[in-house]
Amino acid sequence: MVAEATPTLPKLNPNSLNRSLRRNIAALEERRRAEAAAATREERVAGAITAFTGSMRFVYLHLAFYGAWISVNLGLVPGVPKFDPSFVILAMEASVEAIFLSTFVLISQNRMAAAADKRADLDLQISLLAEHELTKLSEVVVKIAERLDVRVAADPEIQEVGRNVSPEAVLDEIEAQQER
């Protein structure tokens, strides 16, 4: 008999999450609902079509449809006349369908990319705020250490942590590295 695997950490009860984290999760979920409600009718239709065409139900439907089309036009179904023996109509139908499906996918991807850009901007703003707050906290810790006669001010890492980071300088350096 094989013993059941147990996780390294026990699964947390959602009620054990701190209040701030639960509030943040609720705020993000509410934002997602608001963005979904603000979507235009065309965006909702494109999303629904993309969701359906990305499903196994769509694959099964196509297997049945194209399988039947091919079977009839190969003469495998007795009593049913061939209506597209060269499969030209099938090829045209599949091409037109591919054009429309790719357009719906692009519409959905554009919407998802816009949402991802918003989340990336939020992440950046939070990271910059956290960096600023940590810089201020390090200044306070250094002053407390000095008051207690603990010498930390000469430590180059402490000095580095105490300096604010310029996002423009970081972006300039990233771009310079990418150009090399």
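## Start and span of α1

At the start of α1, a side-chain oxygen of asparagine 18 comes to within 3.0 Å of the backbone nitrogen of serine 20. Helices are DSSP runs of H or I with at least four residues, numbered from the N terminus. α1 has 20 residues and spans 28 Å from its first C-alpha to its last, close to the 28 Å expected at 1.5 Å a residue; the expected span is 1.5 Å times one less than the number of residues.

## Basis of the model

The model is predicted: local features need pLDDT of at least 70, side-chain atom pairs count only at pLDDT 80 or more, and totals for chains, interfaces and linings use all residues. Residues are numbered from 1 along each chain as its sequence is written, and side-chain values use heavy atoms, with hydrogens and water left out.

## Largest pocket

A volume is the space filled by probe spheres set on the points.

Its lining (residues with an atom within 4 Å of a point) has 17 residues, of which Glu35, Ala36, Arg111, Met112 and Ala115 lie nearest the centre. Two or more lining residues come from each of α1 (19-38), α2 (41-53) and α4 (88-147), and α4 gives the most, with eight.

## Second largest pocket

The second largest pocket has a volume of about 250 Å³. Among its lining residues are Arg31, Glu35, Ala115 and Asp123, and α1 and α4 each supply at least two.

How values were computed:
On a 1 Å grid over the protein atoms alone, a cavity is a set of points where a 1.4 Å probe fits but cannot get out, and a pocket is an open set with protein on both sides within 12 Å along at least five of seven lines; lining residues have an atom within 4 Å of a point. A polar contact is a pair of N or O atoms within 3.5 Å; within protein, one must be able to donate a hydrogen and the other to accept it, and residues adjacent in sequence count only if both atoms are side-chain atoms.
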